[in-house]
Amino acid sequence: FFRIKMCLLSLFLLLCGCACFSFGENASLYMASKSLYNPGGDPLKTPPPTGCHTRHIYFVVRHGTRYPTLKHIRKFSALHALFSTLRPSAPDLQWLPSWRNPYQEEDAAELTPLGVEELYHLGQRFSRAFPEIFGSRYTTQAFPIRTSAKARASQSGAAFGFGLFEGRGTLGPAGYLPLASNSWPKQMDRLLQFHTSCARYRAHRKWIKHNEGSPVGQWRKVDYPVVRKYVMQRLGGNAEGHAEALTDGVISSLWYLCLFDVAVFMEENRFCLLFDDPGVLEIMEYGDDLEKYWSHAYGYGINARMAVDLLSDLLVTLRNATRVGYLGKSSMNFAHAETLGPLFAALGLFKDERPLCPRAPPAERAARQWRTSRFLTFAANIAVVLYNCTSTSSPEPRWVVKLLLNEHEHPLPFCKDTETTPPYCALSELQEQYSAQLEGSFEETCAVGPAVK
């Protein structure tokens, strides 16, 4: 029954454009990086130039929808005592005093059933879109799979691979094909979990999340009083008598309960009711995006620089794929939002002209490009497709690439080659554009030293 429910939800989101919430128009679009994956209908597919054939696809994929982490599950359980003393006046909140935490500690941060489905169907769609690549016989050299050491990443890789090659194996009635994957211990993983293995970054992120002087700390000073006031009004009853208990930490936990109500249970009429004002939703979404901007993206240079090994691996793999005898057909990497965010920054994607600021006016907030609910959702993915182009006018092959973001073509603005039409771009231009990003090493970037400026 639950699997059927998941499939119906996926169809529902596709038909509604993730906009079918009862408490406000397009409310689910405010869920920031905890948004469910939705490719938004049929992606635009521009045929490759004449004489071009797919040679290699390089993937970086975020894990699918997951359960809350152990830290958050325990924070949710700690709210039982507070909730039991509340007497909400609103009829739609009468359930709150008797609420019990539905999340089990043994499920912490694991993929949900929907998270598995997201990656499985994603693999199926790529298999259909690129038969030249995925119609080939599977070997570990042709299709290397790498994941972070986290279970949700390796599970995502397994589900994606099953979708790619379903029915191509010899095991069982489904023709299951076992796929190999590799990972590194998290403290040594400079490719997919560099946010853990980079010592200087760990100190930097701790400051962003917990220091009142950081951009996130300043945002809380400005916007949390507005949210707290609304939540107390929404609760009504004896909420005023518990004002001191409704700390910033409690407000944050209530917001996470809303996010995971939607992500895990498709339940929009429970904790999300406490934030059912469009202005409040915008505040909370902006706060999430602000935190990701400063800790994962353009806020500080270290965020993009620590992705140097991943960017280098991408460029080297594409260059190697142009050589005669190269066996690789697709390189697949499964990791986290903390992996994709720095990679996006290293590639210059979704960059605002002005940095995101805690006190940015409403118009500037609304116009921002860094809006993670559109590109850094669960199961978010980036794919660079390499094509080998031949013609009778030249004995040498021409190599072009196309960038896909969440299955949609994304033209690269720096491509000026007159022989190549967007969204296609000459591989040489891609290599030249990002070669400067490879200056400096991971060790130099991550060595513990003075505070990040």
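Visitor: Why does Arg 190 count as partly exposed?

Guide: This is a predicted model. Arg 190 has 29% relative accessibility.

Visitor: What makes Glu 443 and Arg 190 a salt bridge?

Guide: Their side chains meet at 2.3 Å, N to O. The cut-off is within 4 Å, so the pair qualifies. Glu 443 sits in helix 17, Arg 190 in the loop between helix 6 and helix 7. They are 253 residues apart. Glu 443 is partly exposed, with a relative accessible area of 45%.

Visitor: How do you know that Arg 234 is buried?

Guide: Its relative accessible area is 15%. Buried means under 20%, so Arg 234 is buried. Asp 92 has 33%, so Asp 92 is partly exposed.

Visitor: Why is the contact of Arg 234 with Asp 92 called a salt bridge?

Guide: The closest N and O atoms are 2.7 Å apart. Arg 234 lies in helix 9 and Asp 92 in the loop between helix 3 and helix 4, so the pair ties together parts 142 residues apart in sequence.

Visitor: What makes Arg 368 and Asp 289 a salt bridge?

Guide: Again, the closest N and O atoms are 2.7 Å apart. The limit is within 4 Å, so the pair counts. Both residues, Arg 368 and Asp 289, are buried. Shared partners join Glu 285, Asp 289, Arg 368 and Arg 371 into one network of salt bridges.

Visitor: How many salt bridges does the rule give?

Guide: The count comes to 19.

Technical notes. Residues are numbered from 1 along each chain as its sequence is written. This is a predicted model: local features need pLDDT of at least 70, side-chain atom pairs count only at pLDDT 80 or more; totals for chains, interfaces and linings use all residues. Side-chain values use heavy atoms; hydrogens and water are left out. Helices (H or I, at least four residues) and strands (E, at least two) are DSSP runs, numbered from the N terminus. Buried means under 20% relative accessible area, exposed over 50%, partly exposed in between (1.4 Å probe, protein chains only).
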